[in-house]
Each structure stands twice: as structure tokens, then as C-alpha cells.
Amino acid sequence: MSGRTKLTYVESKLFLRDPTAVFFVIALPIMLLAIFHFVTTKSDDDAATKASMAAFVPAMAMSLCLTMLALNLLPTTLATYREKGILRRMAASPIHPGNLLLAQLFINLVTAAVSAVLVLIVGKTAFDTKLPGDVPAFLVSFVLGTWALFSIGLVIAAVAPSSKSATAMGLSLLFPSLFFGGAFLPKEDLPETVSTIGDYTPLGAALQALRDSWENQWPQTLHLTVLGVIAVAATAAAAKLFRWE
């Protein structure tokens with residue numbers, strides 16, 4: 001087993017020991033599916049409204065999980081390693097600290113994929129949630145949304161000097177993202193100004209793109225463009241700003 005593989009294995013074990021990570025990846029999406037399933041089945045809404053919510057809820061649960069991983073768990077973990085001098089000490093060892101960064105990225109990306117699969121499988125089997133109507137559109141939306149959100153998290157990790165500052169930065173982006181991105185209410189129920197702003201946020205664009213794929217539609221060009229631009233720009237910024245100590 002290579003040093004990079006061993007490092008990834010150890011980091012995976014540490015990740016799974018964190019109850020916060022397990023909650024956001026497994027419990028939270030399933031709880032959201034269960035709550036909204038109960039609410040919608042007991043409501044007197046017409047068939048069109050229920051169909052719209054059937055596409056909104058799984059897309060929202062998936063987007064929220066991605067956002068929590070990207071803005072909370074990933075940057076806080078990397079900032080903690082920098083704060084404790086782990087990255088600096090690794091720079092003087094045979095295992096370059098870049099391997100730790102790659103290991104964390106790999107773990108969080110796999111976690112995001114596992115969470116998405118759970119939403120699809122549990123939603124369909126336990127709550128009869130429909131699957132995405134356009135699978136290629138779903139895959140494109142998920143990949144671009146994940147890249148855009150995680151690149152923002154890497155920018156936070158690049159500039160945060162401590163775990164507390166990383167948490168503060170992540171939360172300062174998280175709550176506005178939830179509000180403007182339409183995680184609390186579907187886009188059509190938001191004020192027009194709020195909805196327009198949300199189209200240009202990574203969470204809002206990812207959520208709407210995923211929702212379109214659930215409704216058997218190709219995502220809007222605006223949303224895919226926003227995700228692509230944010231992903232490229234934030235990745236470049238993170239690479240330029242990231243420091244090991």
C-alpha cells in the first residue's frame with residue numbers, strides 16, 4: 001500500500017468518526033425526504049404542486065448536503081491541519097502535504113456521491129420519490145454543482161488561518177446561500193429579486209439545475225454557465241492563495 005493510499009485510508013477513518021459528518025451525509029438528507037414526504041402527502045395541494053415538490057425535495061436535499069460538505073466540513077478540516085502545523089511538518093516529510101489535500105478532496109467527493117446515491121435509493125424505495133427524468137442532465141448538474149461548491153470551500157480553506165475562522169467564513173456564506181438559493185422555499189415561491197440573485201449563487205444554480213433534471217428537462221444555460229464560471233474561477237483562486245502554514 002502506497003503512502004498516499006495509507007494516508008487516504010487513515011483520513012477516511014477519521015472522517016467517519018466525526019458524528020457531524022455522518023449526520024450531514026446520511027441523516028440530514030433522509031430526514032428532509034421523510035419530513036417533506038409526510039407534509040406533501042397530508043396536504044391538499046393540487047397534483048401540479050405535488051409534482052413540483054416531488055422534484056424540488058430530492059434536489060434540495062442533495063444540494064444541501066453538498067453545501068454543508070463544501071462550506072463547513074472540508075475547509076474546517078484543512079484549516080485545522082494548518083492551524084496545528086500538520087501541513088508544515090508534512091512538508092518536511094517524504095509525504096508532501098499536497099497528498100493530504102488530495103486525500104481530503106477524494107474523501108469528500110466520495111461522500112458527496114454516496115449521499116446522492118442514498119437520496120436516490122432511499123427516496124425511491126421508502127418514499128416513492130421519483131428519479132431524475134433526464135439522467136445525463138442530472139450527472140452534468142451534479143458534477144458541475146459539486147465542483148463549484150467545493151471550489152468555494154477550497155478558497156475558504158486557502159485563506160482561513162484557523163478552524164474557527166474557517167467555520168465563521170463557511171457559515172457566513174452558508175445562510176445567505178440557503179436563503180437566496182431557494183433551499184427554504186422553491187424558486188417560484190420566492191420574491192422575484194431574491195429568486196434572480198439566487199440564480200447567480202452556486203447553491204441556487206446547482207439546485208435549479210438538479211431540479212430541472214428531475215423534471216426531465218435540460219438545465220438552463222444560465223445555471224450551467226454560473227456553475228462553470230464559479231468552478232473555474234474559484235479553483236484558480238484556491239490554487240493561487242493556498243498556503244501550507
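Buried, in what follows, means under 20% relative accessible area, exposed means over 50%, and partly exposed is in between, with a 1.4 Å probe and protein chains only. By that rule Trp214 is buried, because its relative accessible area is 2%.

Before going on, the conditions. This is a predicted model, so local features need pLDDT of at least 70 and side-chain atom pairs count only at pLDDT 80 or more, while totals for chains, interfaces and linings use all residues. Residues are numbered from 1 along each chain as its sequence is written, and side-chain values use heavy atoms, with hydrogens and water left out.

Aromatic rings next. A pair of aromatic rings is described by the distance of the centres and the angle of the planes. Here, rings of Phe, Tyr and Trp (the six-membered ring for Trp) pair if their centres lie within 6.5 Å; planes under 30 degrees apart count as stacked, over 60 as edge-to-face, and the rest as tilted. How many aromatic pairs does a search of the whole structure find? It finds 3. One of them is Phe138 with Phe142, which counts as stacked because the ring centres are 6.1 Å apart and the planes are at 25 degrees. Helices here are DSSP runs of H or I with at least four residues, strands are runs of E with at least two, and numbering starts at the N terminus. Phe138 and Phe142 are both buried.

Phe138 also pairs with Trp214, this time edge-to-face, at 5.6 Å centre to centre and 90 degrees between the planes. Since Phe138 is in helix H6 and Trp214 is in helix H9 (residues 202–214), this pair ties together parts that are 76 residues apart in sequence. For Phe138 the relative accessible area is 8%.

Arg82 lies over the face of Phe242, 5.0 Å from the ring centre.

On to charge pairs. A salt bridge is a side-chain nitrogen of Lys or Arg within 4 Å of a carboxyl oxygen of Asp or Glu. The structure holds 3 of these salt bridges. Glu188 and Arg211 form one, with the closest N and O atoms 2.7 Å apart. Glu188 is in the loop between H7 and H8 and Arg211 is in helix H9, so the bridge ties together parts 23 residues apart in sequence. Arg211 is buried at 4%, whereas Glu188 is partly exposed at 48%.

Lys187 bridges to Asp199, also with closest N and O atoms 2.7 Å apart. Lys187 is in the loop between helix H7 (163–180) and helix H8 (192–198), and Asp199 is in the loop between H8 and H9, 12 residues apart. Asp199 counts as buried at 11%, and Lys187 as partly exposed at 21%.

Asp128 and Lys124 also meet in a salt bridge, at 3.9 Å, N to O. Asp128 is exposed at 59%, and Lys124 is partly exposed at 39%.

Phe23, Met31, Ile35, Phe38 and Val39 form a nonpolar patch with about 470 Å² of accessible area together. Ile35 is in helix H2, residues 19–42, and is partly exposed at 47%. Patch residues have over 30% relative accessible area and no salt bridge; like charges are joined within 9 Å, and nonpolar side chains (Val, Leu, Ile, Met, Phe, Trp, Tyr) within 5 Å. Accessible areas come from the Shrake-Rupley method with a 1.4 Å probe, and for residues only the protein chains shown count as cover.

Note on methods. Lys NZ or Arg CZ within 6 Å of the ring centre and 35° of its normal.
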